[in-house]
Every structure is written in C-alpha cells, then in structure tokens.
Amino acid sequence: MSVSSDDTWIGDAQPYLAPRREGERDAWSSEAAARGRRGTQRLLAAEEVDPPAAVRDFFGIGPEEKAVVRRRLILLDGKPIELADSYYPVHVARGTQLARAGKIRGGAVTLLASMGFTPEDSPLEDVAAKIASPSQCESLGLQPGAPVLVLTRFTRSIAGEPVEVSVMTMTRHLRYRQRKEAS
C-alpha cells in the first residue's frame with residue numbers, strides 16, 4: 001500500500017504476492033520506507049482455530065476441521081491502521097513457522113514458496129465496508145460506530161491448491177489496483 005498526499009491508501013497487491021529475496025525486507029516495511037514512512041506489524045496470535053465460513057468453503061474443509069491463523073496488527077509510523085488475519089489449511093501450516101508465534105523471515109509468501117506452494121499472482125479479492133466491531137475499534141483506536149473497509153484475498157498456489165485467505169480490516173480510504181509486472 002502507499003499513501004498519497006491526502007492520506008488515501010493506494011494499494012498494489014503484487015509486492016505482497018511475490019516471495020522476497022534473501023535479506024529483503026517484508027513488502028509492507030519496504031513500501032512504507034520507499035515513501036519516507038515506517039511500516040511495522042505486531043503478531044497478535046498464531047493458532048489453530050475454527051475458521052469463518054468463507055475460509056472453510058475456499059479450503060474445502062468440513063465444520064469440524066481447523067485452520068491456522070496468523071493475526072497481526074499493521075502499523076504506520078507507530079499508529080494502527082489495519083488488522084490482518086491470514087488463514088492457512090492445517091495440512092499446509094501445522095508444524096511450520098506459519099503455526100508458531102514469531103516473525104517469518106521473508107514473510108509467509110516466501111515460506112509458502114519454499115514449501116512448494118508458490119502463490120498465484122492474481123488471487124480473488126472481495127471488498128466490503130462495515131461498521132467496526134467493539135474489539136476492532138479498540139485495536140485500531142477507532143470511535144464506536146466507525147466504518148472500516150474489509151479486503152479478503154483468496155490465494156491459490158500456481159498448482160491451483162488453496163493456500164491462504166487473508167482478511168484485512170482497514171481504517172483508511174482505499175484506492176486499490178492489482179497489476180502484473182511486465183515480462
């Protein structure tokens with residue numbers, strides 16, 4: 001994501017879908033730094049959960065099956081701007097860094113690629129606006145009744161296997177584009 005002069009977010013999905021090179025910063029930190037800002041994130045949880053219905057449907061799992069979720073608070077210049085929950089099928093994530101608390105060197109996309117699950121470069125994305133829940137208001141420093149934008153990204157591997165669903169709850173206005181890099 002990038003910030004324009006009026007503080008409207010202009011998002012570009014591509015950096016977030018590409019594995020990082022050795023020693024390269026994560027996509028959010030890199031993008032914020034390129035604009036003279038500081039992008040950080042705080043891991044809130046990494047655990048097995050009963051996933052929401054949309055995640056269950058995408059992964060093709062039954063009601064008794066779990067998914068691994070990594071919950072993060074995304075910060076810009078130290079201020080919370082997004083809650084990001086990334087879900088992974090248990091058969092992909094269990095026993096890996098995805099299921100453990102702690103930073104993943106190169107990020108989840110890089111780890112997935114190293115495990116043979118290179119993400120496709122054009123996932124399905126749904127966008128919705130809603131009123132933030134009380135816990136979202138608390139985490140994001142919002143007043144009760146504040147609107148948020150929810151971007152849900154459904155990602156398959158290049159082999160077609162569902163590997164990640166990311167639910168990003170954002171506090172700012174957003175202009176979003178997805179573009180492919182020229183070959």
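How many salt bridges does the structure hold? The structure, a predicted model, holds six salt bridges, a salt bridge being a side-chain nitrogen of Lys or Arg within 4 Å of a carboxyl oxygen of Asp or Glu. Residues are numbered from 1 along each chain as its sequence is written, and side-chain values use heavy atoms, with hydrogens and water left out. Because the model is predicted, local features need pLDDT of at least 70 and side-chain atom pairs count only at pLDDT 80 or more, whereas totals for chains, interfaces and linings use all residues.

The chain has six helices and nine strands; helices (H or I, at least four residues) and strands (E, at least two) are DSSP runs, numbered from the N terminus. Of its 183 residues, 45% count as buried, where buried means under 20% relative accessible area, exposed over 50%, and partly exposed in between (1.4 Å probe, protein chains only). The accessible surface comes to about 9600 Å², and carbon and sulfur atoms account for 51% of this area; the Shrake-Rupley method with a 1.4 Å probe was used, and for residues only the protein chains shown count as cover. Contact is defined by heavy atoms within 4.5 Å. Among contacts between residues at least 6 apart in sequence, 60% join residues at least 24 apart.

The largest nonpolar core is made up of twelve residues: Val68, Tyr88, Val90, Val92, Ala93, Leu98, Ile104, Ala108, Leu111, Leu112, Phe117 and Val163. A nonpolar core is a set of buried Ala, Val, Leu, Ile, Met, Phe, Trp, Tyr and Cys residues joined through side-chain atoms within 4.5 Å. Helices α4 (90-93) and α5 (107-114) each supply at least two residues of this core. Apart from this core lies another, of ten residues, among them Val55, Phe59, Val69 and Phe154.

Helix α5 is largely enclosed by the rest of the structure, because six of its eight residues are buried. These are Gly107, Ala108, Val109, Thr110, Leu111 and Leu112. Not counting residues up to four places away in sequence, Leu112 touches Tyr88, Val92, Leu98, Phe117, Thr118 and Val163. Just after α5, Gly116 takes a positive phi of about 95°. A positive phi, near 50°, also occurs at Asp77, a residue other than glycine. Asp77 lies in the loop between β4 (67-76) and β5 (79-89) and is partly exposed, with a relative accessible area of 34%.

Two aromatic pairs are present. Phe58 and Phe59 form a tilted pair, 6.0 Å centre to centre with 45° between the planes. Rings of Phe, Tyr and Trp (its six-membered ring) pair if their centres lie within 6.5 Å; planes under 30 degrees apart count as stacked, over 60 as edge-to-face and the rest as tilted. Phe58 is buried at 16% relative accessibility, as is Phe59 at 11%. Ring pairs link Phe58, Phe59 and Phe154 into a cluster.

Glu164, in strand β8 (residues 162-170), is buried with a relative accessible area of 9%. Leaving aside neighbours within four places in sequence, Glu164 is in contact with residues including Phe58, Phe59, Ala108, Arg153 and Phe154. The C-alpha atoms of Glu164 and Phe59 are separated by 8.4 Å, although the two residues are 105 residues apart along the chain. The side chains of Glu164 and Tyr88 are joined by a polar contact of 2.6 Å. A polar contact is a pair of N or O atoms within 3.5 Å; within protein, one must be able to donate a hydrogen and the other to accept it, and residues adjacent in sequence count only if both atoms are side-chain atoms.

Among the salt bridges is that of Glu48 with Arg94, whose closest N and O atoms are 2.8 Å apart. Glu48 lies in strand β3 and Arg94 in the loop between α4 and α5, so the pair ties together parts that are 46 residues apart in sequence. Glu48 is partly exposed at 34% relative accessible area, whereas Arg94 is exposed at 52%. Lys66 and Asp50 meet in another salt bridge (3.0 Å, N to O); Lys66 is in the loop between α3 (53-59) and β4, and Asp50 in the loop between β3 and α3. A salt bridge also joins Glu125 and Arg153, with the closest N and O atoms 2.6 Å apart. This pair links strand β6 (residues 124-131) to strand β7, the two residues being 28 residues apart. Arg153 is buried, at 8% relative accessibility. Salt bridges that share partners join Glu47, Arg71 and Asp85 into one network.
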